[in-house]
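User: I would like to learn how to read some features of a protein model, one at a time. Please give the general idea, then the case at hand.

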Amino acid sequence: MTDLQPVRGTRDLIGEEQRRHQFVVDTASRVAAAYGFDEWEIPVFEDTRVFARTLGDTSDVVTKEMYTFDDRGGDSITLRPEATAGICRALVSNGLTQSLPQKVFCAGPMFRYERPQKGRYRQFYQAGIELIGPAEPVADAEVIACGWDILQALGITDDIVLELNTLGDRESRLAYRQALIAYFADHRQELSADSLTRLERNPLRILDSKDEGDRRIVAGAPTIAAYLTDAARAFYDGVRENLARFGVPFRENPRIVRGLDYYNHTAFEFVTSSLGAQGTVLAGGRYDGLVAEMGGPDIPAVGWGAGIDRLAMLVAAPPPPRSVAVIPVGDAAETAAIGVLQALRRHGVRAEMAYRGNLKRRMERANRTGARAAVILGESEIARGVAQVKDLAAGTQEEVALAELPARLR
Ligand code: ATP
Ligand code: MG
């Protein structure tokens, strides 16, 4: 076999790119833990029904983007395109619907068959939180505040705006739906073929169209504000008030509808101007109907998913880890070197054996691999229970007792 490349839309994460990803995931997990979220690990593939109905049968994800196949037993399987549906499935499968609230953090790869471009891949990574149980608008604000704190901890908020909208309750949306059908029907000739289908089945979806022509029509479409019920308006007021209490700045954008069908009330996106068309880095909303659709009781919930790949492009790369190189000089020193290495490692010091060559070659290698220090063990040092420790940045060298090495190098 020659020339094997990663499949289109997938890529290997190595070195600095991997460190950026890890930094984003670790930061998200740490901040979410401070808010009381626990990590769940769920399968990367599920019964297709977990996604097919719940995400909406007119959503882009379901109509064009899912990796769906029959497995060898003839069951229809889908690689997860997002995490929320699987988490609601897990809530029900594990009998947790009576133990509320559940506060879930989840991170890992997602799969969507999309046109690959900068910030858009077929295997990409998300981290997300789901707050399952609370129906109050303060829950929406807290979930959003957690997202904002993560972006702040990543040091990237200068360039990020929170765009907020409400999709109202069922009654509001039914009224709004009629208004949208009336409006878009008047512009039938100018709509894309996809949006003509959406007009029949789910006109709200047209607001989320990426088609240039559609976007021009969408710009003049009515907004939901005039169609909100009193209850939906009060809920939205509550979200905005509580966002102010949490100190999270936002901008209202009545065009935010989100790509998946299960949202109601709150919808939001954190958007950066520095990634072009792929500017949404963290997005979510309230999805009160989803657990019931998964076969559970009627349980409200709110959450978001963050695009790790996009966030990783915005953060400063963490420095590469630096090792201590342990360099034995002479055969007798090899045994002592292994003892020193293992003692350092057990104390959490990143330490590596410099395998081959004379002292000069091993020192060169230690420098080249970015080691921060070299521990040089010769026969006279071993006899005295010491080592020479060379600080490779400063160029200084001193003698250190073997027993002191871990403390000195930690
Ligand atoms: P977009 O409008 O960019 O297609 P979306 O509405 O489909 O995004 P969501 O389903 O809300 O995205 O997923 C949450 C986040 O996951 C997005 O805001 C984005 O940061 C990231 N994301 C979604 N699809 C991809 C992808 N194919 N490659 C990389 N990141 C993605
Ligand atoms: Mg998409």
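User: Which charged end sits over the ring of Tyr113, and how far is it from the ring centre?

Analyst: A note on the source: this is a predicted model. The charged end of Arg122 sits over the Tyr113 ring, at 3.9 Å from the centre. A lysine case is also present: Lys103 lies over the face of Phe37, 5.2 Å from the centre of that ring.

User: How many aromatic pairs are found in the whole structure?

Analyst: The search gives seven aromatic pairs. One of them joins Tyr262 and Tyr263, with 4.8 Å from centre to centre and 55° between the planes, and is tilted. Tyr262 is buried, at a relative accessible area of 6%. Tyr263 is buried as well, at 7%.

User: Why is the pair of Phe268 and Phe270 edge-to-face?

Analyst: The angle between planes decides the label: over 60 degrees counts as edge-to-face. For Phe268 and Phe270 the planes stand at 80° and the ring centres are 6.3 Å apart, so the pair is edge-to-face. Both Phe268 and Phe270 are buried. Together with Trp148 they form a cluster linked by ring pairs.

User: Now helices. Which residues of helix α7 are buried?

Analyst: In α7, which spans residues 193-201, the buried residues are Ser195, Arg198 and Leu199. Their arc around the axis is only 105°, so they lie on the same side of α7. On the face turned away from that buried side are the exposed residues Ala193 and Glu200. The cover over the buried residues of α7 includes α3 (60-65), α6 (170-186) and α8 (212-218).

User: And sheets: what is the strand order in the open sheet of eight strands?

Analyst: In general, strands of a sheet pair through backbone hydrogen bonds, in either a parallel or an antiparallel sense. Here the order is β1-β5-β6-β11-β10-β9-β7-β8, and the pairing is mixed. At the edges are β1 (38-39) and β8 (251-252), each of which pairs on one side only.

User: In which sense do β7 and β9 pair, parallel or antiparallel?

Analyst: Strands β7 (residues 160-166) and β9 (residues 264-272) pair in the antiparallel sense, over seven bridges. Within this pairing, Thr166 stands opposite Thr266 of β9.

User: Which strands does helix α5 touch where it packs on the sheet?

Analyst: Helix α5 (residues 137-153) touches β6 (123-132), β7, β9, β10 (280-286) and β11 (301-307). The direction of α5 makes about 20° with that of β11. Another helix, α9 (residues 230-246), lies across β7, β8, β9 and β10 and runs at about 160° to β7.

User: Which strands stand at the edges of the sheet that contains β13 and β16?

Analyst: This open sheet has five strands in the order β13-β12-β14-β15-β16, with mixed pairing. The edges are β13 (351-353) and β16 (397-401); each has a single partner strand, so one side of each lacks a neighbour in the sheet. On average, neighbouring strands here are turned by 30° against each other, direction ignored.

User: How many bridges join β12 and β14?

Analyst: Strands β12 (residues 324-328) and β14 (residues 373-377) pair over five bridges, in the parallel sense. Val326 has Val375 in β14 as its bridge partner. Helix α13 (residues 359-368) packs on this sheet and touches β12, β14 and β15 (386-391). The direction of α13 makes about 175° with that of β12.

Conventions:
Residues numbered from 1 in each chain as written. Chains lettered and ligands numbered in written order. Predicted model: local features only at pLDDT ≥ 70, side-chain atom pairs only at ≥ 80, totals over all residues. Heavy atoms only, no water. Phe/Tyr/Trp six-rings, centres within 6.5 Å; stacked < 30°, edge-to-face > 60°. Buried < 20%, exposed > 50% of the residue type's maximum accessible area, 1.4 Å probe, protein only. Lys NZ or Arg CZ within 6 Å of the ring centre and 35° of its normal. Helix = DSSP H or I, 4+ residues; strand = E, 2+ residues; numbered from the N terminus. Arc of directions from axis to C-beta. Contact = heavy atoms within 4.5 Å. Pairing = 2+ DSSP bridges. Axes fitted to C-alpha atoms, helices over the stretch in contact; angles between N-to-C directions.
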